[in-house]
Amino acid sequence: MKDKKLHIITFGCQMNVYDSDKIAMMLKDLNYSVTDNPADADMILLNTCSVREGPENKVVSQLGRFKKLKEENPNLILGVGGCVAQQKGEELLKQVKYLDIVFGTDSLPALPDMINTYTQTGKRISQTEIQLSDIYKFVEVTPDYETNNVSDFVKIMKGCNKRCSYCIVPFTRGTEVSKPSKKVIEECKILAKSGVKEITLLGQTVNSYGRDKKNEISFAQLLEKINEIEGIERIRFTSPHPKYFTKDLMDAIYKLDKVMEHIHMPIQSGSNKVLKEMRRQYKSEQFLEQIKYMRSLMPQLEVTTDIIVGYPTETEEDFNLTLDFLKTIQFDNAFSFAYSPRPMTESFNLEETLTLDEKKARLNKLMDLQKEISIKKSQNLIGTIQEVLLDNDSDGRDNNQYSGRTRGNRKVYIDDIKDKKIGDIFNVKITEGYIYTLKGIII
Ligand code: SAH
Ligand code: SF4
Ligand code: F3S
């Protein structure tokens with residue numbers, strides 16, 4: 001079989017990064033190897049996101065870029081997967097005449113067969129059925145899996161059983177299915193063998209792990225088992241949901257030495273009225289109590305969050321409650337987004353009371369406040385000693401700079417890495433603190 005080149009473009013969350021990686025793994029069997037250059041490619045795949053309108057619109061403009069390549073090389077295969085593919089299905093084939101393959105989020109394991117069918121018949125193909133949970137099969141990482149990453153993801157579940165009023169994810173990813181814990185452990189061991197030091201467990205509500213199965217262990221128990229794997233030095237997870245952030249889990253995070261002191265837990269709003277309308281199933285006070293308890297165990301714990309600004313029923317007063325909440329809780333960082341109405345969701349038909357400019361004004365105000373907090377927290381770290389994992393995150397490398405992550409997940413730039421190699425863990429003294437990054441020297 002002729003060697004072929006695959007170019008993958010990934011939008012959206014870590015779930016998509018993971019899926020793209022597994023696509024590349026599966027397509028090795030069809031003799032595809034990955035290229036960074038779309039002009040070299042025999043196949044281009046777009047792994048898409050539809051969580052907000054912005055990312056969704058990127059898909060069509062990206063596809064436009066490849067129209068010319070397709071005209072120059074009629075054998076080029078062009079495919080779209082991920083959440084937009086799941087949402088639009090066959091409609092995408094109608095909309096984009098030069099598109100060949102549309103694969104939904106649950107069709108990932110079927111992708112090699114779809115490609116074979118397409119190459120044999122030349123018939124454009126779309127497969128986007130959501131699989132029933134009892135027959136759903138995850139793509140399995142094979143023992144010969146290789147990666148250059150020292151930090152890698154493990155998807156421990158797919159889908160989401162929540163129905164947050166604004167969110168399209170349950171519709172694009174289907175219902176929650178936990179990967180059998182035996183398989184999760186196997187996958188972590190394979191990664192450890194190929195040199196991975198840090199793993200991040202992925203799930204939409206990652207701490208509800210196991211609840212969909214009769215005889216499965218809990219998320220806290222899963223952390224305990226992974227903590228025992230030789231070679232894995234650091235464990236992270238994203239994103240937990242406050243509803244399942246139990247005392248057992250918090251105690252496990254504290255007790256298990258490889259579980260890092262960083263929690264990314266979306267609050268979405270500081271107003272209980274808005275939280276209720278969003279169907280988030282917790283109050284801001286509960287969230288605050290959870291963080292307080294965690295900080296009492298681990299004062300160095302870093303906490304980050306997601307926030308939606310300008311939900312249709314969000315008044316000025318509600319918004320101020322969110323600002324107050326940020327001031328009280330002092331997040332290390334917050335990812336904030338202007339509300340974007342999504343098709344199929346409950347809030348889609350709610351009339352928006354704010355204009356785009358008003359939403360943006362609130363967003364800017366919130367971001368300014370968070371920046372102040374983030375930089376203050378960064379500067380508090382100056383002079384401290386932090387344990388850093390040197391990774392191969394490439395940005396900054398142009399300036400001959402290396403970077404790593406602290407246990408709290410802050411990025412640290414290091415000018416002189418001495419005899420250290422990527423994948424090493426060592427102590428760094430922090431010398432400078434910025435909004436999102438630190439600078440330090442090896443001691
Ligand atoms: N499963 C994760 C979130 C996945 S989506 C969780 O529930 O914790 C990532 C983030 O996108 C969300 O936390 C939310 O802040 C944001 N988001 C989701 N839908 C949105 C919408 N319709 N408009 C704006 N932001 C949205
Ligand atoms: Fe979306 Fe809510 Fe599920 Fe997160 S928990 S993916 S915000 S529905
Ligand atoms: Fe986007 Fe789908 Fe992830 S909508 S955020 S790629 S689950």
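Helix α1, which covers residues 14-27, gives the most to the lining of the largest cavity, with 3 residues. The model is predicted, and a search of the whole structure finds 1 cavity of 30 Å³ or more. The volume of the largest cavity is about 60 Å³. Its lining is made up of Y18, D19, K22, L108, Y136, F138, V139, K155 and K179. Sorted by class, this lining has 5 nonpolar and 4 charged residues, and no polar ones. Two domains take part: domain 1 (4-129) and domain 2 (134-260) each supply at least three residues to the lining of the largest cavity.

Strand β15 (residues 385-391) and strand β16 (residues 402-406) run antiparallel and are joined by 4 bridges. One of the residue pairs here is L389 with R405, the latter lying in β16. On to the next strand, β16 is also joined by 4 bridges to strand β17 (residues 411-414), and these two run antiparallel. Y402 has I414 of β17 as its bridge partner. The hairpin of β16 and β17 has 4 residues between the strands, and in this hairpin N409 takes a positive phi near 80 degrees.

Methods: Residues numbered from 1 in each chain as written. Chains lettered and ligands numbered in written order. Predicted model: local features only at pLDDT ≥ 70, side-chain atom pairs only at ≥ 80, totals over all residues. Heavy atoms only, no water. 1 Å grid on protein atoms, 1.4 Å probe; cavity = no way out; pocket = protein on both sides within 12 Å on 5 of 7 lines; lining within 4 Å. Points joined across faces, edges and corners; volume = space filled by probe spheres on them. Nonpolar A, V, L, I, M, F, W, Y, C, P; charged D, E, K, R; others polar. Domains from an automatic or database assignment. Pairing = 2+ DSSP bridges.
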